[in-house]
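Please examine the sequence and the model shown below. The questions that follow ask on what grounds its features receive their names.

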Amino acid sequence: MYQYDTYDQAIVDARVEEFRDQVRRRLSGEMTEDQFKPLRLMNGLYLQLHAYMLRVAIPYGTLDSRQMHLLGHIARKYDRGYGHFTTRQNIQYNWIKLEECADLLAELAQVEMHAIQTSGNCIRNISSDQYAGAAADEVADPRPWAELLRQWSTFHPEFSYLPRKFKIAVIASPEDRAAMRLHDIGIELVKQDGVLGGRVFVGGGMGRTPMTAPEINPFVRAEDLLSYVEACLRVYNRYGRRDNIYKARIKILVHEIGADEYRRQVTQEFAHVKTLGIDPPLAEFDRISAFFAPPAFETVSDDIDRSDPDFAVWLDQNVKPHKQAGYAIVNISLKPIGGIPGDASADQIDVMADLAKQYSFDELRVTHAQNIVLPHVAKRDLYAVWQRLNVAELADANLDLISDIIACPGLDYCSLANARSIPVAQKIATRFADMERQRDLGELKLKISGCINACGHHHAGHIGILGVDRKGVENYQLTFGGSGAEDVSIGKIIGPGFSEDGVVDAVEKATEVYKSLREGDERFLDTYRRVGLEPFKEAIYG
C-alpha cells in the first residue's frame with residue numbers, strides 16, 4: 001500500500017495545525033459558526049443532531065494494521081468505543097468534541113491518515129474494488145490509478161469549490177464491486193489489443209434524482225486518463241448549476257445537455273489539457289505502482305478441512321477466490337443480527353488489525369457495503385481466522401444475504417434525516433435471523449436510507465427502503481429492482497409507504513412472492529425483472 005513521502009506528511013501535518021488554529025478561533029468566539037462551517041467541512045467535521053461527527057478518509061478502502069489499531073484507539077479515546085464504516089470506504093465517529101478534534105487529527109497524521117476532503121464541494125475519497133490486487137478477474141490493480149487520482153485531486157486549486165460534491169470510483173474487473181456507474185465519474189480499466197486504458201462513465205449518482213452514468217468514452221489510454229478526468233471536471237466546473245443545490249451535480253448537467261454534447265465538450269477540453277503536461281511521467285507512475293506490488297506469496301496447499309459444519313457455512317458464504325493458488329479473500333461481516341450495520345467496537349477493530357498483521361500481509365480493506373476484507377489469507381489459515389472472528393462476534397456468514405444490510409445512520413444521528421434507518425435494519429435482520437432461511441433466499445441486497453440523499457444506497461438495492469417524513473410521522477417507501485453491480489439499475493417505488501413495522505412485514509411478503517415465482521437459481525432481482533412489479537404489489541397491498 002502507498003506510503004507517504006516527506007511532502008505528503010508535511011501537507012497533512014500543516015493541515016492539522018491550520019485546523020487547530022481555526023478551532024481555537026471558533027471556541028474563543030473570534031469566528032462564528034457560519035464562518036467556521038466551510039472550514040470544518042473541508043476537514044471532514046460535521047455538526048450532527050447530538051455532537052460533532054468526524055469522517056476519516058481511507059483512500060480506496062486500503063489500510064494496514066497500524067492504521068486500523070489507531071482507528072480503534074480513536075474510538076476509545078475520542079468517541080464512545082466504536083466506529084462506523086461507511087459506503088465511501090471511510091470510517092465515521094459520531095461523538096467528537098470540538099476541542100479535541102485537532103489532537104485527534106494529529107494522531108491520525110502519525111499513521112498517514114487524515115480527514116481532508118471527506119466533505120465539502122470537492123473531490124471526495126476515491127473509491128475502488130475491495131478485492132483489488134487479489135481478484136482473479138481484474139486486468140490490473142486499480143489502486144495505483146486511484147492513488148494517482150487522490151494525489152491529483154487533493155487541494156486541486158480549480159476543483160476545491162465545485163458546484164457540488166464529487167465522487168470517483170476506479171475498478172479493473174468486469175464484475176463491478178464498487179457501484180462504479182453510480183458515481184460522478186466511474187472508470188473501468190480495460191485492455192484493448194493488449195494496451196491498458198479505461199472506459200469512462202460520467203454522470204451517475206443517487207440522491208434526489210438517481211441516474212446511472214452513461215459511457216462517455218469507451219477507451220482512454222492509461223497514460224491519458226488523468227488529463228481526461230481533468231477535462232471532465234473542467235466542463236462540469238464551467239457549466240454546473242451553482243444557483244440550485246438540487247441541480248448542481250454533474251449528472252444533471254450531463255442529462256440536460258445530453259451525453260453526446262457533454263462528450264463533445266470534454267473531447268475539445270481534453271485536447272487543450274493535453275498541452276498542459278499534467279499527466280505524470282512514467283517514472284512517477286512506476287514509483288506509485290511499486291507500493292502495490294503483490295505480497296510475497298508462498299507455495300501453499302489448496303486443501304481446506306471442512307469437517308466443522310459452521311466453518312463450512314462461513315467458508316461458502318464469506319470467502320471468495322483469490323488469483324493466487326493457495327490463497328483466499330476473507331470478507332468480515334459487520335452485520336450481526338440485531339446489530340448496527342457498519343459499526344465495529346474498538347476491541348473488534350483491534351482484532352481485525354491483529355488478524356491482518358498475522359494472516360493477510362498486514363493489509364485490510366473497507367468495502368462500500370460497510371464490511372471489512374482480509375485480501376490475502378492462505379487457505380491453511382482460514383480455520384484459525386474464522387475461530388478468532390467467531391470469538392470476536394465477527395463471523396456472521398451472511399455476505400450478500402438479506403441481513404447484510406447497507407444502512408445510513410439515519411435520524412438517530414444525522415441532522416438531514418427524515419426517519420430512522422438503524423431500527424428498521426435491526427428488525428429486518430431479526431425477522432430473517434434463521435440462516436437457513438437466508439441462504440434459501442440467496443443473494444438479496446437490501447439497502448436503507450433515512451432521507452432522499454441516499455447515503456444508504458437504497459436506489460441500488462434489490463430491495464430499497466427510503467425513510468420519509470409524512471406530517472411528522474416516520475414513513476418508509478419500498479423500491480424494487482435496483483442494482484449497483486455491472487447490471488446497474490435504479491429501483492422503482494412500488495406504492496404508498498409503511499410504518500416501521502409495516503415495512504418489515506412488506507419485505508417479508510416480497511420474499512414469499514419471490515420464493516413462489518423464482519425459477520431455478522434465480523436471484524430475487526432476476527425474478528423481479530422477469531415477472532415485473534404487479535405480483536409483488538398485489539401480495540403486499542392486497
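The model is predicted, so local features need pLDDT of at least 70 and side-chain atom pairs count only at pLDDT 80 or more, while totals for chains, interfaces and linings use all residues. Residues are numbered from 1 along each chain as its sequence is written, and side-chain values use heavy atoms, with hydrogens and water left out.

Q: Why is Tyr2 called buried?
A: Buried means under 20% relative accessible area, exposed over 50%, and partly exposed in between (1.4 Å probe, protein chains only). Tyr2 has 6% relative accessibility, so Tyr2 counts as buried.

Q: Why is the pair of Tyr2 and Phe291 called edge-to-face?
A: Rings of Phe, Tyr and Trp (its six-membered ring) pair if their centres lie within 6.5 Å; planes under 30 degrees apart count as stacked, over 60 as edge-to-face and the rest as tilted. The structure holds 22 aromatic pairs. In the pair of Tyr2 and Phe291, the centres are 5.0 Å apart and the planes stand at 70°, so the pair is edge-to-face. The two residues are 289 residues apart, with Tyr2 in the segment before H1 and Phe291 in the loop between helix H9 (282–290) and H10. Helices (H or I, at least four residues) and strands (E, at least two) are DSSP runs, numbered from the N terminus.

Q: What makes the pair of Tyr228 and Phe270 edge-to-face?
A: The ring centres of Tyr228 and Phe270 are 5.4 Å apart and the planes are at 65°, so this pair is edge-to-face. Tyr228 belongs to helix H6 (residues 225–239) and Phe270 to helix H8 (residues 259–273), so the pair ties together parts that are 42 residues apart in sequence.

Q: How do you know whether Phe270 is buried or exposed?
A: With a relative accessible area of 18%, Phe270 is buried.

Q: Why are H10 and H12 called roughly perpendicular?
A: Axes are lines fitted to C-alpha atoms, for helices over the stretch in contact, and angles run from 0 to 180 degrees between N-to-C directions. Angles under 35 degrees count as roughly parallel, over 145 as roughly antiparallel, 65 to 115 as roughly perpendicular and the rest as oblique. Helix H10 (residues 309–318) and helix H12 (residues 382–391) pack at about 100°, with their axes 11 Å apart. H10 and H12 are therefore roughly perpendicular to each other.
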